[in-house]
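I opened a notebook page for this model. I wanted to look up some helix packing, a sheet and aromatic rings.

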Amino acid sequence: MAGVSLKCGDCGALLKSVEEAQEHAELTSHSNFSESTEAVLNLVCSSCGKPCRSKIESDLHTKRTGHTEFIDKTLEAAKPISLEVPKVAKESEEAIAAGSTSEPEEMVVPEVDKKLLEELEAMGFPTARATRAIHFSGNTSLEAAVNWVVEHEADPDIDQMPMVPVNRHVEASKPSLTPEEMKLKAQELRERARKKKEEEERRMEREREKERIRVGKELLEAKRIEEENERKRLVALRKAEKEEEKRAREKIRQKLEEDKAERRRKLGLPPEEPSAAPKPSAPIVEEKKRIAS
């Protein structure tokens, strides 16, 4: 039956009446409620008695368990929805506030459904975390508790036992998931954790790949600089070798000039004129011919 419902803005739970919203707020400390046009059904599985509050939930139950018969009890518990807090409840709250004293309230561990607690412990959750999940998810179902754990697994106090005033009343939960649903939910939770781990590993691999690319670029740049320095060193070395060869040739030329001048002196010939320097071999050849004759 389509109608108006209340939706918790903190956890997304659908509630059929103000009374349910007040109970939900008392159990979870959630206070963000708004009207919703989404229908709140009461489809009870004929095979296991599990209540489903929507067609999606009943289809999921059928997919998990194979149960297809549901009894529609929506009309039996239908109540008009109003966002205003009933006057009686408001007056009761004011009376409690007026009668409260400054003495600290005694805090105790809240009562939760033992069957839900056993099912969560069987799935591997610590007792404190399981108790906290059942309490803050409204003590309603295994699925709500598991979803709460997934959404709050990063909370620093996730493994601290919740505490409530000793006079707080906690109702027993509705029928929880069947053993088959519990196994499927545990598998779903493990699959979600596996996917999250894989995503983290992919992110780390991308970071490592970026680091490898950065290091590779730095190595290539260092190699380029080294090759450039080696090229400059070889150019400077060749230049130095050419300069050395030039000086050696000049030294040899000077030695030859000195030897030639010495020979002319021994032969009694006058020193060679500077203008005759480009043709030093002709006088020497003629001198040799004259001596030979």
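I began with helix H4 (residues 114–122) and helix H5 (residues 127–136), which pack at about 130 degrees with axes 9 Å apart. Axes are lines fitted to C-alpha atoms, for helices over the stretch in contact, and angles run from 0 to 180 degrees between N-to-C directions. That angle makes H4 oblique to H5, because under 35 degrees counts as roughly parallel, over 145 as roughly antiparallel, 65 to 115 as roughly perpendicular and the rest as oblique.

I noted the basis too: the model is predicted, local features need pLDDT of at least 70, side-chain atom pairs count only at pLDDT 80 or more, and totals for chains, interfaces and linings use all residues. Residues are numbered from 1 along each chain as its sequence is written, and side-chain values use heavy atoms, without hydrogens and water.

Next I asked which residues make the contact (heavy atoms within 4.5 Å) between H4 and H5. From H4 I listed Leu116, Leu117, Leu120 and Glu121; from H5, Thr127, Ala130, Thr131 and Ile134.

Then I turned to the sheet. Three strands form an open sheet in the order E5-E4-E6, with antiparallel pairing; strands pair if DSSP finds at least two bridges between them. Strand E5 (51–52) and strand E6 (70–72) are the edges. Strand E4 (residues 43–45) pairs with E6 over three bridges. I found Val44 bridged to Ile71 in E6.

Last, I searched the whole structure for aromatic pairs (ring centres within 6.5 Å) and got one. Phe136 and Trp148 are stacked (planes under 30 degrees apart), at 5.8 Å centre to centre and 15 degrees between the planes. Phe136 sits in helix H5 and Trp148 in helix H6 (residues 142–151), twelve residues apart.

How values were computed. Helix = DSSP H or I, 4+ residues; strand = E, 2+ residues; numbered from the N terminus. Phe/Tyr/Trp six-rings, centres within 6.5 Å; stacked < 30°, edge-to-face > 60°.
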